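Got your viewer open and a selection tool ready? Let's take a walk through this one, stop by stop.

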Amino acid sequence: MQPRNMSMSGVVDLAAVKAAGEAKAKAEQARAESARQGGTPAVPPSALVIDVDEAGFESDVLQRSTEVPVVIDFWAEWCQPCKQLSPVLERLAAEYAGRFVLAKIDVDANQMLMQQFGVQGIPAVFAVVAGQALPLFQGAAPEAQIRQTLDQLVQVAEERFGLTGIAVDADAAPGAAPEAAAVPAGPYDALLEAAVQALDAGDFAGAVQAYRNVLVDDPENPEAKLGLAQAELLGRVGKLDPQVVRKAAADAPADVRAQIDAADLDLVGGHVEDAFGRLVETVRRTAGADRDAARLHLLGLFEVIGSDDPRVVKARGALARVLF
């Protein structure tokens, strides 16, 4: 029942590399055995969110993680932030449609698991991929950050371990299959134009609000998402003294705030790879909340450039290597 190959420090060493290789091999063996037995049948949507206890941890989490990433939500009935976070995770589990499974663990009833994962406070969210456990975040994080974290988890699980998720049988749910999503209201030309005008005038707060107004009705609007990320970046950089920031970053390589500010300056100055490399290195040399802050900020900078940009693809790979 003890989670195997756990490394909460994130330090990359030969032992971790060997453990990752062994985990990948085990995952491949498990998939091969499943294929010989006719493959894994599609599961109903209700199977994407499960309650897990100490007795079932081996089968429900460790063994399952050889087929699909398992996200663990440590919660308790008395925890108010948990009541905010858990519904978001459950909704995203359904939305991601088998690319991960959500395992909910009540810490009051499963103290041993809480101790084995080193949980210091709840809500706390971890993942297990091919038998390897890693921390994701603690606290009721904003949904945008949760999505970024899950996207990265899914990508790494597929690229490094070949885990493409499990099939979901929508017709197995009570009632009919989910209705198609409603078409967002629009058009948003006026709001988007207002945002551009605000940017041109240096009114970054106004641009941010205009883009957010679009995203309220159309959360996946690509132009608004990109514009919002850029407007927020410009707003942050406008408050910085470049000389002070550069000196602070050079004098204190382990100062996460200084490195984040310097990365913002790098990006605005057109030094995209320098910005990404700086934060990847910051993630590598830090741990805990500092590491999470650097990682999440880097994911936000990816949004500024665009997920299809080859520099982003390269940096995502570098980030995965220091995280796993």
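Before you click on anything, one term: helices and strands here are DSSP runs, at least four residues long for a helix and at least two for a strand, numbered from the N terminus. Also keep in mind that you're looking at a predicted model.

Stop 1: Select Ala97, which sits in the loop between H3 and E3. Its phi is positive, about 50 degrees, even though Ala97 isn't a glycine. That's worth a look, because most residues other than glycine have a negative phi.

**Stop 2: another one like it.** Now jump to Ala130, in the loop between E4 and strand E5 (132-138). Here too phi is positive, near 50 degrees, in a residue other than glycine. Ala130 is buried, though, since its relative accessibility is 6% and buried means under 20%.

**Stop 3: a cis peptide bond.** Select Ile122 and Pro123 together. The peptide bond joining them is cis, with omega about 0 degrees. Most peptide bonds are trans. You'll find Pro123 in the loop between helix H4 (111-116) and strand E4 (124-129).

**Stop 4: strand E3 and its partners.** Highlight residues 101-106, which make up strand E3. Five of those six residues are buried, so the rest of the structure largely encloses the strand. Which strands does E3 pair with? One is E1 (residues 49-51), running parallel to E3 over three bridges; pick Val49 and you'll see its bridge partner in E3, Leu102. Another is E2, parallel to E3 and joined to it by six bridges. Over there, Phe74 stands opposite Ile105 of E3. Now trace the chain from E2 to E3: the path goes through helix H3 (residues 80-95), and this β-α-β crossover is right-handed.

**Stop 5: the disulfide.** Select Cys79 and Cys82 and show their side chains. Their sulfur atoms are 2.4 Å apart and form a disulfide; the structure holds one. The angle about the S-S bond is 80 degrees, and the link is right-handed. Cys79 counts as buried at 3% relative accessibility, and Cys82 is buried with a relative accessible area of 3%.

**Stop 6: a threonine in a loop.** Go to Thr66, in the loop between helix H2 (57-63) and strand E2 (70-75). Which backbone oxygen lies 2.7 Å from a polar atom of the Thr66 side chain? It's the one belonging to Gln63. Thr66 is buried, because its relative accessibility is 15%.

**Stop 7: the nonpolar cores.** Finish by selecting Leu267, Phe276, Leu298, Leu301, Phe302 and Leu319. These touch the most other members of the largest nonpolar core, which has 31 residues. Helices H8 (222-237), H9 (242-251), H10 (256-268), H11 (272-285), H12 (288-305) and H13 (310-323) each supply at least two residues of this core. Apart from it lies another core of 28 residues, including Leu48, Val68, Ile105 and Val128.

Conventions: Residues are numbered from 1 along each chain as its sequence is written. This is a predicted model: local features need pLDDT of at least 70, side-chain atom pairs count only at pLDDT 80 or more; totals for chains, interfaces and linings use all residues. Side-chain values use heavy atoms; hydrogens and water are left out. Buried means under 20% relative accessible area, exposed over 50%, partly exposed in between (1.4 Å probe, protein chains only). A polar contact is a pair of N or O atoms within 3.5 Å; within protein, one must be able to donate a hydrogen and the other to accept it, and residues adjacent in sequence count only if both atoms are side-chain atoms. Two strands pair if DSSP finds at least two bridges between them. A crossover is right-handed if, with the strands pointing away from the viewer, the path from the first strand over the helix to the second runs clockwise. A disulfide is a pair of cysteine sulfur atoms within 2.5 Å. A nonpolar core is a set of buried Ala, Val, Leu, Ile, Met, Phe, Trp, Tyr and Cys residues joined through side-chain atoms within 4.5 Å.
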